Amino acid sequence: EEESFLVSLYKFMKDRHTPIERIPHLGFKQINLWKIYKAVEKLGAYELVTGRRLWKNVYDELGGSPGSTSAATCTRRHYE
């Protein structure tokens with residue numbers, strides 16, 4: 001399932017002319033694209049996470065540093 005997701009994601013991004021050239025980082029940790037997708041899905045998908053301002057929860061789920069003040073914004077941008 002994870003491999004299939006990643007193949008689809010890379011194809012989607014390439015098709016819209018915004019290929020993933022390198023995986024983004026949050027702090028000093030590389031983001032696991034599958035894990036961030038599943039964390040957002042678990043909280044109700046993008047619209048719900050954004051509407052309810054749950055991006056900090058997603059960041060926490062990914063094991064981010066608790067002291068980060070821009071955690072929610074950075075997590076959302078990377079997801080987008």
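## Pockets and ring pairs in a predicted ARID model

UniProt lists residues 1–80 for "domain: ARID" in an unreviewed entry; its positions follow the numbering used here, feature names are shortened, and annotations may be inferred rather than shown by experiment. This is a predicted model, in which local features need pLDDT of at least 70 and side-chain atom pairs count only at pLDDT 80 or more, while totals for chains, interfaces and linings use all residues. Residues are numbered from 1 along each chain as its sequence is written, and side-chain values use heavy atoms, with hydrogens and water left out.

Me: Which element of the protein has the highest mean pLDDT?

Reply: Happy to start there: pLDDT is the predictor's confidence in each residue, from 0 to 100. The protein averages 91, and 100% of the residues score at least 70. Elements here are DSSP runs numbered from the N terminus, with helices (H or I) of at least four residues and strands (E) of at least two. Strand 1 (residues 25–26) has the lowest mean, 84, and the highest, 96, belongs to helix 3 (residues 46–51).

Me: How far apart do the end C-alpha atoms of residues 1–80 lie?

Reply: That span is the one UniProt lists for the domain. Its make-up is 57% helix and 5% strand, and its end C-alpha atoms are separated by 21 Å.

Me: Which helix gives the most to the lining of the largest pocket?

Reply: On a 1 Å grid over the protein atoms alone, a pocket is an open set of points where a 1.4 Å probe fits, with protein on both sides within 12 Å along at least five of seven lines; lining residues have an atom within 4 Å of a point. The largest pocket has 20 lining residues, and Leu9, Met13, His78, Tyr79 and Glu80 lie nearest its centre. At least two lining residues come from each of helix 1 (2–15), helix 2 (33–42) and helix 5 (71–79). With five residues, the biggest contributor is helix 1.

Me: How many charged residues does the lining of the largest pocket have?

Reply: The space in this pocket is about 500 Å³, where grid points are joined across faces, edges and corners and the volume is the space filled by probe spheres set on the points. Ala, Val, Leu, Ile, Met, Phe, Trp, Tyr, Cys and Pro count as nonpolar, Asp, Glu, Lys and Arg as charged, and the others, Gly among them, as polar. By class, the lining has 13 nonpolar residues and three polar ones, and the charged residues number four.

Me: And which helix gives the most to the lining of the second largest pocket?

Reply: This pocket has a volume of about 160 Å³, and its lining consists of Thr50, Arg53, Trp55, Lys56, Ala72, Thr73 and Arg76. Helix 4 (55–61) and helix 5 are the elements that give two or more of these residues. The lining divides into two nonpolar, two polar and three charged residues. The most, three residues, comes from helix 5.

Me: Is the aromatic pair of tryptophan 34 and tyrosine 37 stacked or tilted?

Reply: Rings of Phe, Tyr and Trp (its six-membered ring) pair if their centres lie within 6.5 Å; planes under 30 degrees apart count as stacked, over 60 as edge-to-face and the rest as tilted. Tryptophan 34 and tyrosine 37 are three residues apart in helix 2, so about one helical turn separates them. Their rings are 6.1 Å apart centre to centre, and with 35 degrees between the planes the pair is tilted.

Me: Is tryptophan 34 buried or exposed?

Reply: Buried means under 20% relative accessible area, exposed over 50%, and partly exposed in between (1.4 Å probe, protein chains only). Tryptophan 34 belongs to one aromatic cluster with Phe5 and Tyr37. Tyrosine 37 is partly exposed at 27%. Because its own relative accessible area is 14%, tryptophan 34 is buried.

Me: Which helices hold tyrosine 46 and tyrosine 79?

Reply: These two tyrosines form a stacked pair, 6.1 Å centre to centre with 10 degrees between the planes. Tyrosine 46 is partly exposed at 25%, and tyrosine 79 is partly exposed at 26%. The pair ties together parts 33 residues apart in sequence, because the two tyrosines lie in helix 3 and helix 5, respectively.

Me: What is the phi of histidine 17?

Reply: Histidine 17 sits in the loop between helix 1 and strand 1. At 71% relative accessibility, this histidine counts as exposed. Although histidine 17 is not a glycine, its phi is positive, at about 65 degrees.
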